[in-house]
Structures are given as structure tokens and as C-alpha cells.
Amino acid sequence: MQNSATDPRSESATSRLLSYEQPLNERVRTFLRLEYLFERMQHHSSGTKTWDSRAAIDSLLEILAILTRGDIRSEVMKEMERQNAVLSRLKDRPNIDAVRLSNVITSLKVLLDKLDAPDKQLGKDLRENEFLSSIRHRSSIPGGTCGFDLPILQYWLNQAPEIRQKKLQNWLDELEPLRRGVALSLMLTRESATPTKELAAEGMYQQSLDTSGCQLVRIQVSPELRVFPEISGGKHRFTIRFLESASADVRPRQTSRDIPFQLICCQL
């Protein structure tokens with residue numbers, strides 16, 4: 001939320017970095033999975049091929065599976081309420097972009113009202129949809145959604161692309177408050193800290209965490225180094241091992257090189 005001048009050279013360099021993330025609690029872990037599934041469904045929902053529609057339905061069923069494991073709406077609301085309280089305390093601090101802060105707080109309140117609507121039972125109609133249920137019951141079987149197993153799916157897939165796209169969008173719309181809530185919460189989490197330059201000696205880096213409550217570790221590393229991070233951690237510390245592999249057929253091993261990288265500990 002702070003005003004800061006951006007060095008174009010620094011911005012260009014950052015855009016070339018590969019980013020990796022590791023959640024440090026179950027709530028953020030669930031949010032990241034939902035974000036991934038919503039993005040995957042949105043991507044395939046706009047496609048015209050039957051394989052796009054199949055992939056979109058698979059993503060939707062995975063989203064519904066997550067929703068059945070707990071009160072996800074409540075978890076999203078709790079996190080947004082917590083973030084709203086934290087941001088509200090920043091109003092009188094110097095160097096704060098007051099307009100942007102006000103817009104973010106307003107967006108949080110609007111989404112909270114939509115999620116808290118008494119007539120909203122997110123995903124209820126989708127979970128009770130007989131067409132989707134028939135696909136879900138066969139999805140656990142390898143190849144269980146092929147034509148002879150699910151002729152109703154084959155029939156639906158052979159409808160015009162615009163009909164399939166409209167139905168997929170209607171299903172997405174039922175979960176739109178949840179998608180937007182997760183997206184906004186993760187955006188605020190990611191932007192809650194600035195990168196620091198670190199060095200992993202012989203590919204290894206470890207850091208203890210204070211009581212400020214880091215929720216998400218983000219690593220940015222140059223693709224030219226040909227390594228990727230393996231991150232493990234909990235409430236008190238996290239460890240990063242940079243691995244390298246000659247090809248996808250070879251088991252990765254920890255590099256012996258010193259690896260410079262950017263570290264972001266998101267604490268909002």
C-alpha cells in the first residue's frame with residue numbers, strides 16, 4: 001500500500017524471474033488450490049473443443065470436492081475479516097496510498113456481504129446437480145467417463161460449443177463470490193511484503209520465523225540458473241533446497257552451487 005518509485009531496470013529483471021510458492025498453514029494451502037482450479041476452469045471454459053469442456057468439468061468437480069471437506073466459505077470470510085482489520089489500522093500511517101487502501105477495504109466489505117448473504121449456500125445446487133453427480137461417481141474409475149460409461153456426457157459434449165460454454169459459465173457464476181474472495185485474499189497476502197536478496201550456500205537456505213505469522217513463502221529465481229526450490233516449513237522455520245536435474249528422466253539432486261534468489265515472506 002506504500003507509494004514507491006519503481007526502477008524500470010529492476011522491474012524488467014523481476015519479470016524474468018520464476019516464482020515459486022509454499023503455504024505455511026492449511027488455510028492458505030486450500031486457497032492456493034482453489035485459485036489454481038478456478039483459473040484452470042476459466043481457461044478451459046472458453047475453449048470450443050470437447051476436450052476443453054471435459055477439462056472444465058473436471059476442474060469444477062475438484063472445486064466441489066474441496067467445498068465438501070469443510071466450511072470453506074467461513075474460512076474465506078474469516079481471513080478477509082482479519083485482513084480488513086489489519087488494513088483498517090494502517091489508515092493513519094505515513095506513506096500510505098490512502099485511495100488504494102480505501103478501495104481495497106471497500107472491496108473486502110462488498111465481498112464479505114455477498115459471501116454472508118443468508119440465501120447463499122455456495123455450491124449446494126452444483127453438488128445436487130444429477131448430471132454433475134453422474135460424472136463425479138464415474139471419475140474415480142480410470143477411464144470411467146468415456147462414451148459407453150456416460151452416454152449423457154457424450155450427448156452433452158456433442159452440443160454446440162456456445163451451449164456448453166454458456167452452461168459452464170453459469171456453473172462458474174454460482175461460485176463467483178468465493179472465487180473473488182480467494183483471489184482478493186491471496187492478492188493482499190502476496191503484496192504484504194517486499195523481496196529481499198538472499199543466497200543459498202551450496203543450494204541450502206534456512207530461516208527461523210518470528211511471531212509475526214508468515215503465511216506464505218515466495219521464492220523468485222532466475223531461470224538461467226537452471227534450478228528450482230524445494231520448500232518445506234511450518235510455524236517456526238522454513239528450509240529451501242535448490243535442486244537441479246539434467247532432464248525430466250533423471251532424479252533431481254541438490255546443487256552444490258551458491259544460488260542467489262529473492263525471498264518474500266508474506267505476513268498479512
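Cys-266 counts as buried, because its relative accessibility is 0%; buried means under 20% relative accessible area, exposed means over 50%, and partly exposed lies in between, with a 1.4 Å probe and protein chains only. Cys-146 counts as partly exposed, because its relative accessibility is 26%. Cys-266 is in no disulfide, and the nearest cysteine sulfur, that of Cys-214, is 6.5 Å away. A disulfide is taken here as a pair of cysteine sulfur atoms within 2.5 Å, and by this rule the count comes to zero.

The model is predicted: local features need pLDDT of at least 70, side-chain atom pairs count only at pLDDT 80 or more, and totals for chains, interfaces and linings use all residues. Residues are numbered from 1 along each chain as its sequence is written, and side-chain values use heavy atoms, with hydrogens and water left out. The predictor's confidence in each residue, pLDDT, runs from 0 to 100. The chain averages a pLDDT of 88, and 93% of the residues score at least 70. Over residues 1–14, however, pLDDT stays under 50, and the model has 15 contacts beyond four places in sequence for them; a contact means heavy atoms within 4.5 Å.

Strand E4 covers residues 216–221, and six of its six residues are buried. Strands (E, at least two residues) and helices (H or I, at least four) are DSSP runs numbered from the N terminus. In a regular strand the side chains alternate between the two faces of the sheet. Leu-216, Arg-218 and Gln-220 point one way from E4, whereas Val-217, Ile-219 and Val-221 point the other way. Two strands pair if DSSP finds at least two bridges between them. The pairings of E4 are as follows.

| E8 (residues 259–266) | antiparallel | five bridges | Cys-265 |

A nonpolar core is a set of buried Ala, Val, Leu, Ile, Met, Phe, Trp, Tyr and Cys residues joined through side-chain atoms within 4.5 Å. The largest such core has 52 residues, of which Ile-57, Leu-87 and Trp-171 touch the most other members. Helix H3 (residues 50–67) gives the most to this core, with eight residues. Apart from this core lies another, of 17 residues, among them Ala-200, Leu-209, Val-227 and Ile-259. Leaving aside residues up to four places away in sequence, Ile-57 touches Phe-131, Leu-132, Ile-135, Leu-153, Trp-156, Leu-168 and Trp-171.
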